[in-house]
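Take a look at the protein chain shown below. This report walks through a few of its residues and helix pairs.

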Amino acid sequence: MKKVTRIATIGIMSALATGLMFLEFPIFPSANFLKFDPSDILPILSGFIFGPLDGVLVLLIKDLLFYLLKSGDIVGIAMNFVAGVSFLLPAVYIYRVRKNRVFEIMGYVVGVLSVTGIMTVLNMLVVPLYWKIPMSETVKLLPYIAGFNAIKFSIDSVVNGLIRERISKIFEN
């Protein structure tokens, strides 16, 4: 793929992903701060099509744009970025070992397990400091945090699995 086309595509994917961040809704009503949005689908797709660094770049751009346009919450955006990277890198690298459906699914499973574990631990460290609540209250939130990340990135995996092959064909030379 030509460099200009690749840069333009990364820009378009980032803009679309930013727009998708505005479509958010809580998965668990009792933990409504954990909101699902489909914006990570496009960085994951970019990582599978172009490579892991391009996927991370799309994640970074969409999170920076969302921070500037709406959120203003640097901690939330940083956590969103870490979550995306925690899923994207294992999923894409495993798929690249052997580009077939089995390795793609293995990548998704490892990615979901990775992001769920990393974000559970990271939230144990960040939430008490950011919200100024005791660790005992944070521990009560951990099942929601783990469940949220598992559900969110499982949905992202299914959608990506359904569209990746079709979208990839557009970029084949």
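## A loop residue

Between which two helices is the loop that holds K132 found? K132 sits in the loop between helix 5 (101-131) and helix 6 (135-171). Helices here are DSSP runs of H or I with at least four residues, strands are runs of E with at least two, and both are numbered from the N terminus.

The model is predicted, so local features need pLDDT of at least 70 and side-chain atom pairs count only at pLDDT 80 or more, while totals for chains, interfaces and linings use all residues. Residues are numbered from 1 along each chain as its sequence is written, and side-chain values use heavy atoms, leaving out hydrogens and water.

K132 is exposed, because its relative accessible area is 70%. Exposed means over 50% relative accessible area, buried means under 20%, and partly exposed lies in between (1.4 Å probe, protein chains only). Most residues other than glycine have a negative phi. K132 is not a glycine, yet it has a positive phi of about 55°.

T5 is found in helix 1. It is partly exposed, with a relative accessible area of 37%. The C-alpha atoms of T5 and I49 are 13 Å apart, and 44 residues separate the two along the chain.

T9 also lies in helix 1. T9 counts as buried, because its relative accessibility is 10%. Its side chain reaches the backbone oxygen of T5 at 2.7 Å. Leaving out residues up to four places away in sequence, T9 touches F50 and F171. Contact means heavy atoms within 4.5 Å.

## A buried serine

Where is S39 found? S39 is in the loop between strand 2 (35-36) and helix 2 (41-50). It is buried, because its relative accessibility is 0%.

The side chain of S39 makes a polar contact with the side chain of K62, at 3.1 Å. A polar contact is a pair of N or O atoms within 3.5 Å; within protein, one must be able to donate a hydrogen and the other to accept it, and residues adjacent in sequence count only if both atoms are side-chain atoms. Beyond its neighbours within four places in sequence, S39 is in contact with A17, L20, M21 and K62.

## Helix 2 against helix 4

Two packed helices are described by the angle between their axes and the distance between the axes. Helix 2 and helix 4 (residues 74-97) pack at about 30°, with axes 10 Å apart. They are therefore roughly parallel. Angles under 35 degrees count as roughly parallel, over 145 as roughly antiparallel, 65 to 115 as roughly perpendicular and the rest as oblique.

From helix 2 come P43, I44, G47, F48 and F50; they meet F87, L88, A91, V92, Y95 and R96 in helix 4. These contact residues divide into nine nonpolar, one polar and one charged. Ala, Val, Leu, Ile, Met, Phe, Trp, Tyr, Cys and Pro count as nonpolar, Asp, Glu, Lys and Arg as charged, and the others, Gly among them, as polar.

## Helix 3 and its cover

Which residues of helix 3 (residues 52-71) are buried? They are P52, D54, G55, V56, V58, L59, K62, D63 and F66. Their cover includes helix 1 (3-21), helix 2 and helix 4. Just after helix 3, G72 takes a positive phi of about 70°.

The axes of helix 3 and helix 4 come within 9 Å and cross at roughly 165°. These two helices are therefore roughly antiparallel. The residues of their contact divide into 14 nonpolar, four polar and three charged.

Note on methods
Axes are lines fitted to C-alpha atoms, for helices over the stretch in contact, and angles run from 0 to 180 degrees between N-to-C directions.
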